[in-house]
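Trainee: I have the model open and would like to go through it with you. Could you take my questions one at a time?

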Amino acid sequence: MSNISSYFSSKIDSLADNYSALVLGLVVLFFAVFIFGMVTAPNFLTYFNLKTIVRDAALVGIMAIGLTFVTLSGNFFLLSLKETAALAIIAFATSMSAGYGFEISFLFTIVIAMLTGSAQGVLIGLGGNPIVVTLGAAGLLYGLGAYWSDNLVVSFRRPHGAEWLGTGSFLGLPNITIAFILIAIAAELTLRFTNFGRQVYLIGANRAAGRATGHENFGMAIKTCTIASVCAAFVAIAFSAQVSSAQVNYFSSEFGSSGDMTIMVIATVMVGGNSIMGGYGSTIRSSLGAVFISSVDNMMVLHGFNSGPRVLAVGLMIVFSIMVFALVRRGSRSQE
Amino acid sequence: MTALLELTNISRSFGAIKALKSVDFEINSGEVMGLVGENGAGKSSLVKIISGFDDGYTGSLRLNGVVQRFSSPLKAERSGIAIAQQELSLIPAMTVAENVFISGEKAPIFATKSSLARKAAPFLSEVGLEDVDPFLPVERLSIGEQQLVEVARLLAQEPQVLILDEPTAALGESDSIRILGMVRRLAERGKSIIYVSHRMDEIFKICNRITVLRDGQSQEAKDAKRLDVSSLVELMLGRELAHMFPAHPKIPRGEALLEVHNVWPDGTLEPFNFSVFAGEILGLAGQLGSGSGDILAAIAGAKRSREGRIKYKGESFLPKSPKHAISRGIAYCSDDRKLDGLFLGRPIVENLSAPALSAISKRGLIKHDKERSLALSNASKFTIDTSRLDNEAGVLSGGNQQKVALGKWLAIEPNVILVNEPTRGVDVGARAEIYGKLRELANEGAAVIFASTDIQEITGLADRVISFYRGMQVGELQLTEINPASVLEQITHPFGVDDKQPEPHH
């Protein structure tokens, strides 16, 4: 018994010694999924299907990048992402259908998201429990969206000024995918090279020490919640632009394998291997997590799995990644 | 006479690191064996092996002459070896009696609270807690008393060998005295006790013999009577520790650098008034809960204060937050580096630059080369291994962590340095370095105020001492008046032998 456990702990130690080996392993795993999909599902590697993967990954990925800021800063998760998107999509479509044009509608929607995000941030920053605060906000935002739209589909006519974002592409890549890549790069640069990014990590690693060195969580909670909410609103705008309509339940019923956007986004952050407690991880991890989940999900769709097994797969991926990263972190810490 | 517990030729490696190199260790029954060494010398590795937390060693462990290999703490406990670790394993909301029987095979399966209290009584009296209400939740006791409950819990397992790992590290003077008394009593009753501590005075007070570990190697156990502090330190360090404490320079006392006016931190009995001069090291003496640490936190904006101001550099204010204090050049290290002194999961370089992000950035962008050179220079000033700057702070030993926790404040070039317990859980070598560095900072013109429950530290380091007793400021000692007896008297019974307390004047 003890031999087995010491064997494993020594294995984990050596794995942790060579952190890049782990990253390499994940890349290999990713390609394994890819090749498996290629071999077993003939239409996996078609241009159309790959476009679907990167599209899906983009929508979840952008939201996950926003949420990553919250998680890294130690403020856990926002459970109101789906509802923020729901309110935002109604706001955008209503504004579009009223004829205000893309730019005005876009700004209008983003401003709403900034307000709802920062309001939640204030409450969390004052010491509110993120789960409770955002669960409450979720009901409020969804109710607001439903009330505003009367639970009806709000549609606006093509051609409209948002089509480039919804269905347009550049050099064969959907524009939303390009946006995803640009946002991912910007987010990573922000985390690595700005004071704000450093504060995200410091406060996330130890909030009390953050306060003691002059970095208060109050401002941080407001900033990160705003970022996450704006990202959710951006995704809502892109989604609405694609289907030229909006309904308040779009992100509750039609999204990803589990059908629930919030769950998918949180799964993405965790599968990427970000520390749930904050202070450790990156937006790149979340981005890769999005592509990985999206690939596996897509492959399962092609194999004819219905939503039950697909949700199961997402769940397994979360459990697996949490275990692996937790073990590696522990291994790398037990050096002295 | 064969030893009760005998370890021979014990070696343990973690990867390339050899934590123990053929260590020998023994203890007889009824003996108190001190186990000392610098941080990283191998004390914890050895203790883990004896107590069953680690069985990946080579060499042999004999208990009562029989070779044993404990693969789990439970197995060690069954064989009669119990360990009280620094982190207590009590459940705060449960009663004292319940906690005594919280685990182990002696715990009754069915019991009422009163039957448990009856059963716990002998063990509680054994550790000197006979006066404590066994129905009281453990969280209502002082930390020292909790520590004693922990030992009572272990005694209920009826161990032959009891390991106490730094039992007094978090305790004030009077609680420490209770622990020491208990150790002595247990030894008289035939228990063998392995006593791990950094506190030299305690080691000499209670240990029969002392085993010194250095760089993972053991030396033959020495009779405590044949050693003194300096020879023991020499054995631990392998070199003579010339002076633990730096010399006191002459301090020109012109105008005070910082004056504390009626600052009344939450949880203390009265407002405090004192001042500190540039170049001075001011010691705040007091036991745990005396308020000496609270006043530091209040000056630093880390703790709320009912009233009061500080007069500092022509300004009269009270910092609203640590951020406010930092902006005025006031640095503060709490007594718990893991709680709020360090970012354990972040690299050392980021820890060292954390209070001064604006100094290493331009227009919100971090200049990584500037950060590195700042970290390099401050790390070397505090003798932190500069080759490890990219490692997580969490992998460092206690002494090195404390150096990082203190060293990070160099980045803001502080004028006032407030430190609560500058060397808690820090080994002798690192302690001397920390004292030296604090003196150097004072000599460069900063004012250093430190609070400590360690009499040795107060008497050795401070140029002037202000003493605290149960939330009150009770006395002041000038350099020539500072000695262990005068300090101890002020912090234990400042109002005479009767311990009469005056009405706190508000």
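Trainee: How many residues of domain 1 of chain B are in contact with domain 2 of chain B?

Mentor: In this predicted model, 16 residues of domain 1 of chain B are in contact with 15 residues of domain 2 of chain B, where two residues are in contact if their C-beta atoms, placed from the backbone, lie within 7 Å. Helix 6 and helix 8 (229-237) of chain B each supply at least two residues of that side of domain 1, helices being DSSP runs of H or I with at least four residues, and strands runs of E with at least two, numbered from the N terminus.

Trainee: And what does that side of domain 1 have by class?

Mentor: The side of domain 1 of chain B that touches domain 2 of chain B has 6 nonpolar, 5 polar and 5 charged residues; Ala, Val, Leu, Ile, Met, Phe, Trp, Tyr, Cys and Pro count as nonpolar, Asp, Glu, Lys and Arg as charged, and the others, Gly among them, as polar.

Trainee: Where are the domain bounds, and what separates the centres?

Mentor: Domain 1 of chain B spans 5-237 and domain 2 spans 258-492, with bounds from an automatic or database domain assignment, and their centres, taken over C-alpha atoms, are separated by 32 Å.

Trainee: New topic: is B:Gly190 buried or exposed?

Mentor: B:Gly190 is exposed, because 11 other C-beta atoms lie within 10 Å; the cut-offs are 12 or fewer for exposed, 20 or more for buried and in between for partly exposed, with C-beta atoms placed from the backbone. B:Gly190 sits in the loop between helix 6 (173-188) and strand 8 (192-196) of chain B, and, leaving aside residues up to four places away in sequence, touches B:Ser29 and B:Gly30.

Trainee: How many residues of helix 9 of chain B are buried?

Mentor: In helix 9 (residues 292-299) of chain B, 8 of its 8 residues are buried, including B:Asp294 and B:Leu296. Just after this helix, B:Gly301 takes a positive phi of about 80°.

Trainee: How many residues does the contact take from chain A and chain B?

Mentor: The contact takes 24 residues from chain A and 32 residues from chain B, and on the chain A side helix 9 of chain A gives the most, with 6 residues.

Trainee: What conventions apply here?

Mentor: Residues are numbered from 1 along each chain as its sequence is written, while chains are lettered from A and ligands numbered from 1 in the order in which they are written. As the model is predicted, local features need pLDDT of at least 70 and side-chain atom pairs count only at pLDDT 80 or more, whereas totals for chains, interfaces and linings use all residues.
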